[in-house]
Amino acid sequence: MKTDTLKFQTRNRPFQQYAGWIIGIGLFLLPLIQMDLTTYLTLTVAGISLGMLIFLIASGLTLIFGLMDVLNLAHAAFFAFGAYAGFTVLNLLNNAGWIDTASLAQSLFYLALALGAAGLAGGGLGILTEKIVIKRVYGNHLMQLLVTVGVSFVIVELLKMIWGVNDEVVPVPMGFQDAFIIFGVFIEYFRVVAIFLGITIFAILQYILKQTKLGIIVRAGVENQEIVKATGYNISWIFTLVFAAGSALAAIGGTMMAIFNQAVDPGMGNQFLIFALIVVIIGGLGSVTGSFVGAVIVGLSFNYVAFLWPKMALGVNFMIMAIILLIRPKGLFGKD
Amino acid sequence: MDIKELTSLETSGKKTIQELTIAGIIFVFFIIPWIIPSFRVMDVLAKIMIFTIAVASFDLLLGYTGILSFAHGMFFGIGAYSIALILYHSDTPSGYHIFLAAGASIAISVVISLMISFFSLRVKAIFFAMLTLALAEFAHILGVQWSDLTGGADGISFTLPGIFNFGQTLGTLFNTQINGRLMVYYFILVIAVFLFTGMLRFIHSPLGRVLKAIRENEQRTIALGYKTFRYQTCSIVFSACIASLSGILFAMWLCYVNPDSVFHTAIMVNILLMVLIGGMGTLYGSLIGAGFFIVTENWLPGLLKSIAGLASDSVILANMADRWQLYFGILFVLVVIFFPKGVIGTFRVILDRRHQLHSS
Amino acid sequence: MPDMVETKPSLLCLENVHTHIDQHHILQGVSMDVAAGGATILLGRNGAGKSTTLKSVMGLLPVSQGRIFFNGQAIEASKPYEIARMGMGFVPEDKAVLSTLTVAENFRLSMFRENEKTHKKLAEVLDLFPALKKFWKRQAGLLSGGQRQMLAIARVLVCEHTLLLIDEPSKGLAPIVVDQLAESLIQIKDKTKVILVEQNFRLAQQVGSDCFILDDGRVAFNGPMDELAKDKIMMKKYLGI
């Protein structure tokens, strides 16, 4: 009943519906007071590409939570695992001497190879984790949090065991080290790739969730598992699938971030988990659209503030999170 | 609320045994520096005491109130940093600086924990966990980046005032040197006993019982007319203060702090593991959890290395021995899945079952 | 001996079924034989174990003891989706539709296999419930209570079933809507066997041919509806009417 009244309220008051968007966009034009247009545009492109990378990791987190009601704190570990998987593929290509001479098209192909390997590795690890550990703790939030903290610990230690404890330099395909200039704005190719990948994955997720039978089953499972089970669907396999998909997204995000920073280290997951958590909290747990918008907000504000007041960058994200939580305790797109 | 659980350790016959056990444990902690004059042993015992307090304070929150806050380790760090900064910046450190640090860390902890509990009222439990996790990560990053204040990743080392000064020797008694470190050890013992007793009083007070009722069934407790938010706030603030005091003890014992040693989420994970081993909602379990964890943390790596040394040419084996924390992680997962009640909790269940068998 | 048991002639057979929810012993040995054809009504007070019986049959609650046979096959250890694929449909209580999905999506979900046969069936079902066609694209949560209950039943009808379990369809509906519901249920039970949990005795009498009364997790009475309606003492004792 609650949702009914809410729906009708927004329908009858269109201004309120758009007010948030107008204020939001206005806020993002605010930095223009302090900087010239070129800098602003450069920072905006960089911010959106950072946002897309964060979206990759946040979307997996929110997907797993949305369907399975599991807050997977091992997500950061899947992210780091994916980074190492992608790093290994790039390293092999580098040993063959293909990385330094790659054209843009070849670079894209190598990136696809690395992302594919990371996605498969992350998805596989996700299936294992779900089947061995997570399925034993459905329905108990506290145990889920604790058990996923443990899993994350195990994965990170395994990373250290396999690849060593030190930072490693990630070989970046030559084609991505170039940039092009539009309106005086210096844009690296890899940023464009990141933005493109983020939007593509957002579109695919939206299509699957909204248009396909699988999406209907998934959304129905979020709302009422009993009906879905009694209709004849094996929901435990659907859970495994979603968990694997979420983990694969984290792993893909990990490889992208590894190339972005040109480095991997075993603890890298935790640094980005904080971004992902902020994004998911801002966007609302369980909403893919929410984490898309949240990721753009976090990416942009982080870049603007990092340019103006470097030390405040992370603090500003916390402030945004706190303000949004005070106005909307369930996040921008959160549901009951 | 399960009345049997509340009174299971309070029946008169058991009570004397319990009191004797506690007295015995305190006596062991008191006497060991004289029997085994080894720094390593003393170090392990001191850390056990410190973490027992930190773990128990976390258990107040998790086990007795059902709130999972990942920001708890942060309060530990706040305590540690407040004493480090005050002693580092004071020209002539003296005893009152320790009280000043305690006061300052409690003040900061109260303010931050009030803010945290204000948010916890507004969001779901799972949201709260995420929020506090993000906050804890933020504190760690702040500790590293705000280097003007915190000394960055290098951390701060400082000297303790008066009789606690490590360089000072007051003489020898029964072949044991009475020096500053020994004085700090006994200071930790006294404070730890004091704080632990305080927490025991807290959970057995009417307030503690309401908290247990909230954990069992929040809706019902609200329906009974309790303002549950106030009670939860009390427990969040109280446990944060205790955690920051244990952080002070930790810093005093090491005379050094850095972000990785007090703010890192690994500290939080360790505390979680200790709570789980001992058992949630069993204050005494914190001693078992902390004891087990710190003893194994100190001797397991050496043990593994010596095992790996038997086959010295195997790189994989050496690698596996190096990563002793891996086994802790696996243990952690296994404990959560198979023994969610921990040592003390499982023990109580077995006792209860036997009790039921005898009575029927 | 086991072979004999496996080939029970009745459609659904429960043998001494016990079910626990947490610590509570809800079903304490329910035994019933339900033959094919018509509608069988489960009656009883609140908390007697009617809904629990349906959920145990559907596999949604684990059976701690006893056996359940559906079409002669043992199903007490089967998963809900396996039981559903064997041809059992379930309509949970409280207008169980997926309120965040549209009416169309609700139907699409219930078409376990999407082919010509199910699409033809869908057209038939929509003729039975014309109101649903009108709100085809609307979110199910925005429908009225009666419409939601109709949707909850209609979505199950889209698939071919040999047995339908329907849990308290009249709960919280206006009397005039209950009458419409009764008509629909009578049409349904002519084609498919229905086991109906119902508190509304008038509706039960209109639809049902025979009934079971549950009390404290056990079967207290089994017989034709007419016989029960005459037995005032029984009615008073178990149903409070």
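Hi everyone, let me start with one residue: B:Asp43 is buried, because its relative accessibility is 11%, and buried here means under 20%. Keep in mind that this is a predicted model.

So who is the partner of B:Asp43? The side chain of B:Asp43 meets that of B:Lys47 in a salt bridge, with 3.5 Å from N to O. In general, side chains of opposite charge can pair when their charged atoms come close. B:Lys47 is buried as well, with a relative accessible area of 19%. How far apart are B:Lys47 and B:Asp43 in helix H3 of chain B? They are 4 residues apart in that helix, which covers residues 39-65, so about one helical turn separates them.

Now let's look at salt bridges elsewhere. Over all chains, the count comes to 6 salt bridges. One of them is in chain C, where the side chains of C:Arg67 and C:Glu76 meet at 3.1 Å, N to O. C:Arg67 counts as partly exposed, at 31% relative accessibility, and C:Glu76 counts as partly exposed too, at 22%. In chain A, A:Glu188 forms a salt bridge with A:Arg191, and the closest N and O atoms are 4.0 Å apart. A:Glu188 has 32% relative accessibility, so this residue counts as partly exposed.

Which helices of chain A each supply at least two residues of the nonpolar patch? They are helix H2, residues 14-29, and helix H3, residues 37-68. The largest share, 5 residues, comes from H2 of chain A. At 48% relative accessibility, A:Trp21 counts as partly exposed.

Next, over to chain C for its sheet. This is an open sheet of 6 strands with mixed pairing, and the order is E6-E7-E8-E3-E9-E10. Which strands of chain C are the edge strands? They are strand E6, residues 88-91, and strand E10, residues 218-224, and each of these pairs on one side only. On average, neighbouring strands of this sheet are turned by 15° against each other, ignoring direction.

E6 of chain C pairs with strand E7, residues 163-167 of chain C, in the parallel sense over 4 bridges.

Helix H2 of chain C, residues 50-58, touches strands E3, E6, E7, E8 and E9 of chain C, and its direction makes about 145° with that of E7. Helix H7 of chain C, residues 145-157, also packs on the sheet; helix H7 touches E6 and E7 of chain C, and its direction makes about 170° with that of E6.

Finally, let's see how the chains meet. Which chains share the most contacts? Of the 2 pairs of chains in contact, that is chains A and B. Chain B and chain C, on the other hand, are joined by no contact, and their closest C-alpha atoms lie 14 Å apart.

Methods: Residues numbered from 1 in each chain as written. Chains lettered and ligands numbered in written order. Predicted model: local features only at pLDDT ≥ 70, side-chain atom pairs only at ≥ 80, totals over all residues. Heavy atoms only, no water. Buried < 20%, exposed > 50% of the residue type's maximum accessible area, 1.4 Å probe, protein only. Pairing = 2+ DSSP bridges. Axes fitted to C-alpha atoms, helices over the stretch in contact; angles between N-to-C directions. Contact = heavy atoms within 4.5 Å.
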